[in-house]
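Here is a short report on one protein chain. Keep the sequence and the fold side by side as you read.

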Amino acid sequence: MTVAGEPTTTEVADGVFAYVQPDGSWWINNTGFLVADDGVVSIDTCATERRTRRYAAAIAAVTDVAVRTIVVTHHHGDHTNGNCLFPGATILAHERCREVVANSPIGFGDAIWGGIDWGDLTVVAPQLTFTGRVDVHVGDVVVELHALDGPAHTVGDVVAWIPQRSVLFAGDLVFNGGTPFVPMGSIPGSLAALEQIRALAPATIVPGHGPVCGVEVLDGIAEYLRWVQRLAEEGRAGGLTPLEVARSADLGPFAELLDPERLAGNLHRAYAELDGAPPGAPIDLLAAFGDMLELNGGGPLPCCV
Ligand SMILES: [Zn+2]
């Protein structure tokens, strides 16, 4: 089992902190926060009680101002399970994100990643939902929350953009060093989201997983997604299953990305889209995860939560 490194808290711009948890693999997400005199805005929380309490301690080491607002970038548990540990905060999310959080029990991943010590957590769904854009004012800084129009990483993705600091919290629209993951979203939607991010021209991107970066990582993510689409077209034309395509694929430059088994799940989404499924339409996630387990050699997926 991989042993994850120590989390780091870095002030990437005045009052804006990135909390990066190595190695950025399954369930090991990034968060971040903006500090002002009248409140702290946190972008996402963490997967387990232990990791979230450690994150809260990292905030408390910087400021004694309370977390007033939590921005949920999307519904996945590594970004939302710790919501319950910030009881005074208002939680904001995309309109389509709320219901998925409310119906996703803690511990959803036990059958896939093996026993995870989640700690004492309860599901807390976002209280304030939106589409389009909402601005959060903290001190003299504005945090623009942009809800993506269509499914991308999931059916309800949000990015947090701080123009005065040129920092973008991208959630899992950006994996830096990890394999993109779109079975619950859309490949064309993910490609469109990358263009939306590029148009904002952020100096700094805090990705959902992996080290802090800039827009230079976007091309590689787009290339991966287009490669998955090509593989799916060829495989489907040849009568192959997503797992057969994934097994025979030459990963090339993408072999260096963490969690390469995600290719099988991504191909499930690409096949569904070739079959005419609308963006974000439900697919058989059990089959997708089953193929990822197979591609990984069987047994639980690697995870060091
Ligand atoms: Zn995610």
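Which residue in β9 is the bridge partner of V136? The bridge partner is V143.

## Basis of the report

This is a predicted model, in which local features need pLDDT of at least 70, side-chain atom pairs count only at pLDDT 80 or more, and totals for chains, interfaces and linings use all residues. Residues are numbered from 1 along each chain as its sequence is written.

Helices (H or I, at least four residues) and strands (E, at least two) are DSSP runs, numbered from the N terminus. Two strands pair if DSSP finds at least two bridges between them.

Next comes the pairing of β9 (residues 141-147) with β10 (residues 158-162), antiparallel over 4 bridges. Here E144 has W161 of β10 as its bridge partner.

The whole sheet is open, with 5 strands in the order β8-β9-β10-β11-β12 and mixed pairing. β8 (133-138) and β12 (204-209) stand at the edges with a single partner strand each, so one side of each has no neighbour in the sheet. The twist averages 25 degrees from one strand to the next. Helix α5 lies across β10 and β11 (167-175), at about 160 degrees to β11. Axes here are lines fitted to C-alpha atoms, for helices over the stretch in contact, and angles run from 0 to 180 degrees between N-to-C directions.

## The seven-stranded sheet

A second open sheet has 7 strands in the order β1-β2-β3-β4-β5-β6-β7. Its pairing is mixed. The edge strands are β1 (8-13) and β7 (128-130), and each pairs on one side only. Neighbouring strands are turned by 20 degrees against each other on average, direction ignored. β1 and β2 (residues 16-20) pair in the antiparallel sense over 5 bridges. A13 stands opposite V16 in β2. Helix α3 (residues 95-102) lies across β6 (90-94) and β7, running at about 115 degrees to β6.

## The loop between β2 and β3

Two backbone features deserve a look here. The peptide bond from P22 to D23 is cis, with omega near 5 degrees. D23 is in the loop between β2 and β3 (31-36). W27 is found in the loop between β2 and β3 as well. Phi of W27 is near 70 degrees, a positive value in a residue other than glycine.

## Helix packing around α6

How far apart are the axes of α5 and α6? The axes of α5 (residues 187-200) and α6 are 10 Å apart, and the helices pack at an angle of about 165 degrees. α5 and α6 are therefore roughly antiparallel (angles under 35 degrees count as roughly parallel, over 145 as roughly antiparallel, 65 to 115 as roughly perpendicular and the rest as oblique). The crossing is left-handed (the near helix is turned anticlockwise from the far one by less than a right angle; clockwise is right-handed). I187, S190, L191, L194, I197 and R198 of α5 meet L218, I221, A222, L225, V228 and Q229 of α6. Contact requires C-beta atoms, placed from the backbone, within 7 Å. These residues divide into 9 nonpolar, 2 polar and 1 charged. Ala, Val, Leu, Ile, Met, Phe, Trp, Tyr, Cys and Pro count as nonpolar, Asp, Glu, Lys and Arg as charged, and the others, Gly among them, as polar.

The axes of α6 (residues 218-237) and α8 (residues 262-274) come within 9 Å and cross at roughly 65 degrees. α6 and α8 are therefore roughly perpendicular. Their crossing is right-handed. V228, Q229, L231, A232, E233 and R236 of α6 touch L263, N266, L267, A270, Y271 and L274 of α8. This contact has 8 nonpolar, 2 polar and 2 charged residues.

## Two domains

The domain assignment gives domain 1 (8-221) and domain 2 (223-295). Such bounds come from an automatic or database domain assignment. The C-alpha centres of the two domains lie 25 Å apart. Their contact takes 25 residues from domain 1 and 24 residues from domain 2. On the domain 1 side, α5 and α6 each supply at least two residues. The largest share of that side, 5 residues, comes from α5. The side divides into 12 nonpolar, 11 polar and 2 charged residues.

Technical notes. Contact = placed C-beta atoms within 7 Å.
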